[in-house]
Amino acid sequence: MRITVENREQTMQLGQQIGKLVMAGDVIVLSGDLGAGKTTFTKGLALGLEIDETIKSPTFTIIREYQNGRLPLYHMDVYRLENGGGSDLGLEEYFDGDGVSVVEWAQFVADELPAQFLEVRFERTEIDDVRRLELIAHGPHFEQILQQVGGNREQ
């Protein structure tokens with residue numbers, strides 16, 4: 001599914017829609033340049049999970065945990081694991097756990113990812129706040145989520 005979002009609010013709304021549909025153990029992989037909208041999307045996802053904490057980029061902490069919503073949110077930025085070390089974090093405990101995991105720069109821990117996940121690719125455009133997003137379902141559960149999101153969107 002390809003979507004163009006015209007501002008931060010639309011990026012958050014998309015995240016919120018998906019946040020209302022995800023379940024414990026779901027993994028969402030975000031890719032795109034710095035400033036492309038990954039954390040903004042995650043803020044919307046947190047709203048969909050009924051998390052009212054301020055969502056911050058986990059760039060310097062690797063993993064931020066938010067426990068006070070419908071499901072816990074585990075927001076990961078594994079960029080600093082570019083040279084390995086993902087297996088030392090125990091990511092499978094998060095991925096198989098009671099919450100939703102959002103992983104930025106997941107190519108650095110590709111071997112640790114579960115077989116089923118949702119991939120969201122962010123691409124900047126020549127217009128400041130406009131982004132092109134490609135959502136790719138890896139598995140039937142995420143295909144169903146994308147069908148629901150697609151059916152709820154005005155094209």
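The dialogue below takes up the pocket and then the cores.

Mentor: This is a predicted model, in which local features need pLDDT of at least 70, side-chain atom pairs count only at pLDDT 80 or more, and totals for chains, interfaces and linings use all residues. Residues are numbered from 1 along each chain as its sequence is written, and side-chain values use heavy atoms, with hydrogens and water left out.

Trainee: How much space lies in the largest pocket?

Mentor: A pocket is an open set of points on a 1 Å grid over the protein atoms alone where a 1.4 Å probe fits, with protein on both sides within 12 Å along at least five of seven lines; lining residues have an atom within 4 Å of a point. Here the largest pocket holds about 330 Å³. Its lining has 19 residues, and Leu 34, Gly 35, Ala 36, Gly 37 and Lys 38 are the closest to its centre. By class, 4 are nonpolar, 8 polar and 7 charged. The helix α2 (38-48) is among the elements that supply at least two lining residues; α2 gives the most, with 3.

Trainee: Which residues have the most contacts inside the largest nonpolar core?

Mentor: A nonpolar core is a set of buried Ala, Val, Leu, Ile, Met, Phe, Trp, Tyr and Cys residues joined through side-chain atoms within 4.5 Å, where buried means under 20% relative accessible area (1.4 Å probe, protein chains only). In this model the largest one has 28 residues, and Ile 18, Ile 28, Leu 73 and Val 120 have the most contacts inside it. To this core α4 gives the most, 4 residues.

Notes: Points joined across faces, edges and corners; volume = space filled by probe spheres on them. Nonpolar A, V, L, I, M, F, W, Y, C, P; charged D, E, K, R; others polar. Buried < 20%, exposed > 50% of the residue type's maximum accessible area, 1.4 Å probe, protein only.
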